[in-house]
Amino acid sequence: MYILLPGPTPVPQPIQAAMIQGMTDHRGSEFTRTKTEVLEKLAHLFGVPDLDHVAVLPASGTGGLECVAQNFFMPGDRVLSVETGLFGQRFSEIATAQGVTVDHLVVPWGQAFRPDEILARVEAADYRAVLVTHNETATGVLNPVSNLAQRWQRLKRAPLLIVDSVSGVPSVPLSIADGVDVIIAASQKGFMCPPGLAILALSARAREAVVDQRPGRFYFDLRPYLQGHFPYTPAISLWYGLNTALDLLADEGATKRLARHEQLRDTVRAFAAAGGLTPLVASGIASPTVTALGLPEALDPATWRKTLEQSGLQIAGGLGSWSSHAIRVGHVGAVDLGLIWTGLGLMAPALPYPERALAAALEHIRQVDQGSGKEHRS
Ligand SMILES: *Cc1c(COP(=O)(O)O)cnc(C)c1O
């Protein structure tokens, strides 16, 4: 099956091979070496000075969000949650479920948040934290998190800036050194692994802000994880996979990786626009990892996705109110030009203008390739 989904994403062969190693004592010397390697590579990737500023939890991304809500907030704390789509809404629900008082800043679907608006809200109230989504997977919008973080430094009393970057980093670089306090990521998107690991990175002040006593917290008590302890059995196979994935990521480098994802995005958007589909997000804020496309009335998203699946391609459906007329194409993680070309080739026959769509995609690939040579190849 070819998958162009915003998670799970294709798992490269070297990562698969790493994961079939036999089991070992997770407190023995062999696995301790793997653990240290993974934490060192993550600390480097996220721009933190010490291993006790990163944690890897046995959970999907949502578990990481719940862990954050349980470890940084007490019931009754007040936070501002910036919602640019379904995933921002979910972070609000998770915080609310933990007894936190959530103020909402709701941005219309398909738009990015405006840092000015967030700063105005923060200056007018006393928040423990602000929750934002880096890359809104429901709409395919990349929010200006680095810009917001730069201006955070100037606040007199800056709340913790907590970023759901599950479908952003490491495809779109984001580091604690950019000025954010907590980053939440997950194994099955840009990290090219199967689902099952939530990855957290913390600033020095976030490290200090982890609460000591908290009703309802047990499995996701972050403190032992941050000390490099395994209070419970870790997902050993996934750790092996992540260790190899971090080598592949380092080999490619952040600059080339972002350029590769932008090329994939631009190819998909050119294909869609020429073929009679509608990119639902303006080009200036379009996500490098996922693209939402509006379909003509004659093309029903659910029926089309079923047909595509029969021909060996899985793409994602629209979410929320977009589900009736849109699909989403994921181009995150190990997706390359070969896979995107295959996927677009399988999608083309259903479009109003299939030849134009493929010509636009090809033209685009050719233009970018001529522009910067082998740069973009992974
Ligand atoms: C995928 C995703 C999540 C978490 O989803 P899981 O299925 O729990 O891994 C959270 N936020 C965003 C922005 C995502 O893309």
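Is leucine 51 buried, partly exposed or exposed? I will come back to that after some ground rules. This is a predicted model, where local features need pLDDT of at least 70, side-chain atom pairs count only at pLDDT 80 or more, and totals for chains, interfaces and linings use all residues. Residues are numbered from 1 along each chain as its sequence is written, and side-chain values use heavy atoms, with hydrogens and water left out.

Now leucine 51. Its relative accessibility is 29%, so it counts as partly exposed; buried means under 20% relative accessible area, exposed over 50%, and partly exposed in between, with a 1.4 Å probe and protein chains only. Leucine 51 sits in the loop between helix H2 (29-45) and strand E2 (54-58). Helices (H or I, at least four residues) and strands (E, at least two) are DSSP runs, numbered from the N terminus. Beyond its neighbours within four places in sequence, leucine 51 is in contact with Thr36, Leu39, Glu40, Ala43 and Leu226, where contact means heavy atoms within 4.5 Å.

Histidine 331 is also in a loop, between strand E14 (326-330) and helix H12 (337-347). Histidine 331 has a relative accessible area of 0%, so it is buried. A polar atom of its side chain lies 2.9 Å from the backbone oxygen of proline 288. Pro288 is also among the residues that histidine 331 touches, along with His261, Arg265 and Ile340, among others.

Next, the core. In soluble globular proteins, nonpolar side chains tend to be buried together. A nonpolar core here is a set of buried Ala, Val, Leu, Ile, Met, Phe, Trp, Tyr and Cys residues joined through side-chain atoms within 4.5 Å. The largest one has 50 residues, and Phe46 and Trp152 are among those touching the most other members. Helix H9 (residues 236-252) gives the most to this core, with 8 residues. A second, separate core has 33 residues, including Val79 and Val182.

Last, the ligand. In the side chain of aspartate 164, an N or O atom is 2.7 Å from a ligand nitrogen. Taken alone the ligand exposes 380 Å², and the protein buries 87% of that; these areas come from the Shrake-Rupley method with a 1.4 Å probe.

Methods
Polar contact = N/O pair within 3.5 Å; in protein donor to acceptor, adjacent residues only side chain to side chain.
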